[in-house]
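Try each task before you read its solution.

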Amino acid sequence: MSALFNFHSFLTVVLLGICTCTYVKMHFPALLEQRTGFRGFFWKAARIGERLSPWVAVGCLKMGVSIIFF
């Protein structure tokens, strides 16, 4: 089933996207300088990862546990 119709898979894709964008912004900040257009979406995801990093980390931990055990 695709990630659009399965809520668990959708959350996995969103959390991995946020974590990836935050990592890219920390290591290669020039890639995500543009705040509008298509790159603006990734800039916003990186901003969420920066500002809500404890909550994103808890979400990733829960996601990992649920994938391994369920």
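**Exercise 1.** Work out which residues are linked in a network of salt bridges.

*Solution.* Lys 25, Arg 47 and Glu 50 form this network, where a salt bridge is a side-chain nitrogen of Lys or Arg within 4 Å of a carboxyl oxygen of Asp or Glu. The model is predicted: local features need pLDDT of at least 70, side-chain atom pairs count only at pLDDT 80 or more, and totals for chains, interfaces and linings use all residues. Residues are numbered from 1 along each chain as its sequence is written, and side-chain values use heavy atoms, with hydrogens and water left out.

Step 1: Lys 25 pairs with Glu 50, their closest N and O atoms being 3.6 Å apart. Since Lys 25 lies in helix 1 and Glu 50 in helix 2, this pair ties together parts that are 25 residues apart in sequence (helices are DSSP runs of H or I, at least four residues, numbered from the N terminus).

Step 2: Glu 50 also bridges to Arg 47, again with closest N and O atoms 3.6 Å apart. Both lie in helix 2, three residues apart, about one turn of the helix.

**Exercise 2.** Decide whether Lys 25 is buried or exposed.

*Solution.* Lys 25 has a relative accessible area of 15%, so it is buried (under 20%; exposed is over 50%, partly exposed in between, with a 1.4 Å probe and protein chains only).

**Exercise 3.** Find the angle at which helix 1 and helix 2 pack.

*Solution.* Helix 1 (residues 7-27) and helix 2 (residues 38-51) pack at about 90°.

Technical notes: Axes are lines fitted to C-alpha atoms, for helices over the stretch in contact, and angles run from 0 to 180 degrees between N-to-C directions. Helices (H or I, at least four residues) and strands (E, at least two) are DSSP runs, numbered from the N terminus.
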